[in-house]
Amino acid sequence: QVQLVESGGGLVQSGGSLRLSCAASGSIFSISAMGWYRQAPGKQRELVATITSGGSTNYADSAKGRFTISRDNAKNTVYLQMNSLNPEDTAVYYCNADIRSLSTYLQSEYWGQGTQVTVSS
């Protein structure tokens, strides 16, 4: 069984910073892409940033210049450093990973439970 667990969310004032972490555990053979998505109430879940196993990154326009995604392959962990936060960043942030299972050898997407980020003005 594969599990993703996010941490690092919380309440921060506008202009502040947070660092989110997501650790994958379980029967993992390999992890290709990992990413962060977010969902605000009443809205669709949207892409924030992704990173491949080789380190190539992709960001939503709203995140460019403010957020940085990184990963530690040895720890099966992906991070999202968020700077210059504003109230529009308020959402539940979800970790996503494309993982090949060690037990089944099947590759599929997995999601974390989400962590709340609230930015106050």
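**Exercise 1. Find the rings over which the charged end of Arg45 sits, and give the distances.**

Step 1. Start at Trp111: the charged end of Arg45 sits over this ring, 4.7 Å from its centre.

Step 2. Now turn to Tyr94, where the charged end of Arg45 sits over the ring at 3.8 Å from the centre.

A word on the model before we go on: it is predicted, so local features need pLDDT of at least 70 and side-chain atom pairs count only at pLDDT 80 or more, while totals for chains, interfaces and linings use all residues. Residues are numbered from 1 along each chain as its sequence is written, and side-chain values use heavy atoms, leaving out hydrogens and water.

**Exercise 2. Classify the aromatic pair of Tyr37 and Trp111.**

Step 1. A pair of aromatic rings is described by the distance of the centres and the angle of the planes. Rings of Phe, Tyr and Trp (its six-membered ring) pair if their centres lie within 6.5 Å; planes under 30 degrees apart count as stacked, over 60 as edge-to-face and the rest as tilted.

Step 2. The structure holds 1 aromatic pair. The centres of Tyr37 and Trp111 are 5.0 Å apart and the planes stand at 65 degrees, so this pair is edge-to-face.

Step 3. Strands (E, at least two residues) are DSSP runs, numbered from the N terminus.

Step 4. Check the cover of Trp111: its relative accessible area is 35%, which makes this residue partly exposed. The classes are buried under 20%, exposed over 50% and partly exposed in between (1.4 Å probe, protein chains only).

**Exercise 3. Sort the side chains of strand E11 (residues 115–120) by face, then find the strands that pair with E11.**

Step 1. Strand E2 (residues 10–13) pairs with E11 in the parallel sense over 4 bridges; two strands pair if DSSP finds at least two bridges between them. Val12 stands opposite Val119 in E11.

Step 2. Strand E9 (residues 91–101) runs antiparallel to E11, joined by 3 bridges. Here Ala91 stands opposite Val117.

Terms used:
A charge sits over a ring if NZ of Lys or CZ of Arg is within 6 Å of the ring centre and within 35 degrees of the ring normal.
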